[in-house]
Amino acid sequence: MTREDEKDDADRERYLWDPRAEATPEIARLEAALGELRPAPELDASKLPTRSPPRARRRLWPWLGVAAAAAAAITAWVAANRPPASPDAAVARASEAPASDAPSAATPAPIPSATFASEEVPACRGADCPAFEWRALRGAPTVDGKVAGARGRLPLGGWIETDASAAVTLDVADIGHVEIAPGSRLRLLQTDGAQHRLALAHGSLSAKVDAPPRLFVIDTPGARAVDLGCAYDLAVAPDGRGLLRVTAGAVELDAGVRRPLPVVVPRGAECAIDPARGPGTPVWSRASVATREALAAFDQSPDEARTDAALATLGERDSLTLVHLLEVAPASRRGAVLDRLAPLEPAARLASDPKARAALLAGERATLVALRAAFEPRWYASPENQKRWH
Amino acid sequence: MTRIETVEPRLDELVRRAVEGDRAAFERLYARTRLAVHAAILARVAWREANDVMQETYVSAWLKLPELREPAAFPGWVLAIARRAAGAHARGHRERAEAAAPPAIAPVPTLEAREALAAIQRLPDAYRETLLLRLVHGLSGPEIAELTGLAPESVRVNLCRGMKLLRAALDGGDA
């Protein structure tokens, strides 16, 4: 990128942010054209209809089956995809004994009291406390250690827990709801105009949110799931390992400093989460067992051999995985990953530019961001287009 | 001359009054939220249908307002209604047979405007509404943040990334 390009970018960003700044011709032209669409109609409130008496709310629970199915599928996935005990065994895909660090069913790992954010939230008491309302779908949950009835409020700082026979739907303010499956433990950390935040200590849930991006967040031991406007299933095993599967929109998995960029998981994709290493490499849900095994091994230890093993399973419809692989691959193998991306049109322009290619090989953040932005239309495309792209 | 100072009531107070039937209070709620709602609708439906969906959204909000548990959540709540209404309208539009287009009751926008809107509507969800608030309604980044409840940094990212994708699309790129 030349200095002139950088200046043009800076001028555009400045004008986008502040319409009083010096106009850039391209954006000004768009404003002039799109300004024709401006008139939003006036409201004549005198013509609003008369309200009828309130009727009893009828709720459908379409997510119970989804939550239960998601819990079963995700639990099976976690059990089937335990990290291999021996690095070489993963590369050779040899069968092996169960990992020695597999959690014991008899003595589950302690429930973490701190969240991914490692903060303590004082429990709030009293009728005026901010809270989410919940309703039991079956059984009875416990709230702050006490068995609760058919419905109630989860106050700020409070815990809600379901046993093997209970399931709950939790309203997330007025922006959506979360279906909590049996065997789950969840805490309300924040609810205000800035953000609504939960912590999933263990168990599984299905979230459906209709709100601006980043308003709704769920902390897990290994990563923060940031809603970008979507529906998703999220599960955390007692040892803190987790799995996110997105069914609409997209979710960002934030791992703090463990990755150069947050992981993006769009509709139709999923991502494993490790409590120590954070989110792994996202993959389309249709990926083969071979791809998943290779990526699980790579996520455990991203060395040269595992990078090559993962690359061997990926094709031109795996740009989501390849771009995230490039961001954390060892320096000596980034060229190989980039060469796999280069034939794909959005990457070709960047990869053919010597400076951009050098920046990508060096892991320069700004260029990695540009590469992601180039591919995002593919990942977020309509369901019809997604069949074309991946 | 006596200066009369008026203080705009708080949002939750306006909602309470509107729940009790105060239509003037609802007009004020409309004034505060209409730009964000218009952008949310324009991001999803054809330009000629946006006004109908706006009306449908606010009539629905008026009728359902007593069900809103947190008055302060009105902006996000009415936006959610708008997005659902726009989505349903867009799905219904695809399913209906393409009869002759109804006569436009407003001037037809230029081809450039229609192409730019179509390109924005093909962008990822995260960018569409923010871009429309900036490019259609001329709002600044801080104004968009206040209107939508997004963090200013998120607005900045949405504007910059969205604009890059829009440029690529209008230049004959991927979108």
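Trainee: Is A:Thr367 buried or exposed?

Mentor: The model is predicted, local features need pLDDT of at least 70, side-chain atom pairs count only at pLDDT 80 or more, and totals for chains, interfaces and linings use all residues. Residues are numbered from 1 along each chain as its sequence is written, chains are lettered from A and ligands numbered from 1 in the order in which they are written, and side-chain values use heavy atoms, with hydrogens and water left out. Buried means under 20% relative accessible area, exposed over 50% and partly exposed in between, with a 1.4 Å probe and protein chains only. A:Thr367 has a relative accessible area of 9%, so the residue is buried.

Trainee: In which helix is A:Thr367 found, and which residues does A:Thr367 touch?

Mentor: Helices (H or I, at least four residues) and strands (E, at least two) are DSSP runs, numbered from the N terminus. A:Thr367 is found in helix 11 of chain A, residues 365–379. Contact means heavy atoms within 4.5 Å. Not counting residues up to four places away in sequence, A:Thr367 touches A:Leu350, A:Ala356, A:Ala359 and A:Leu360.

Trainee: Is A:Glu327 buried or exposed, and what does A:Glu327 touch?

Mentor: A:Glu327 is found in helix 7 of chain A, residues 319–328. Its relative accessible area is 7%, so A:Glu327 is buried. Leaving out residues up to four places away in sequence, A:Glu327 touches A:Arg259, A:Pro260, A:Leu261, A:Leu368 and A:Arg372.

Trainee: Is A:Ala194 buried or exposed, and how many Å separate A:Ala194 and A:Leu215 in space?

Mentor: A:Ala194 lies in the loop between strand 8 (184–191) and strand 9 (196–209) of chain A. With 52% relative accessibility, A:Ala194 counts as exposed. A:Ala194 and A:Leu215 are 21 residues apart in sequence, and their C-alpha to C-alpha distance is 6.8 Å.

Trainee: What is the secondary structure of chain B?

Mentor: Buried residues make up 49% of the 175 residues in chain B. Of the contacts in chain B between residues at least 6 apart in sequence, 64% join residues at least 24 apart. The secondary structure of chain B comes to 8 helices and 0 strands.

Trainee: Why are the buried residues of helix 1 of chain B on the same side?

Mentor: In helix 1 of chain B, residues 11–19, the buried residues are B:Leu11, B:Asp12, B:Leu14, B:Val15 and B:Ala18. The arc is that of the directions from the helix axis to the C-beta atoms. They are on the same side of helix 1 of chain B because they cover an arc of only 155 degrees.

Trainee: What covers the buried residues of helix 5 of chain B?

Mentor: In helix 5 of chain B, residues 111–121, B:Ala113, B:Ala116, B:Leu117, B:Ala119 and B:Ile120 are buried. These buried residues fall within an arc of 160 degrees, so they line one face of the helix. What covers them includes helix 2 (25–34) of chain A, together with helix 2 (23–42), helix 6 and helix 8 (152–170) of chain B.

Trainee: Which residues of helix 6 of chain B meet helix 7 of chain B, and at what angle do the two helices pack?

Mentor: B:Thr130, B:Leu133 and B:Arg134 in helix 6 of chain B meet B:Ile144, B:Leu147 and B:Thr148 in helix 7 of chain B. Axes are lines fitted to C-alpha atoms, for helices over the stretch in contact, and angles run from 0 to 180 degrees between N-to-C directions. The axes of helix 6 (residues 125–135) and helix 7 (residues 141–148) of chain B are 10 Å apart, and the angle is about 130 degrees.
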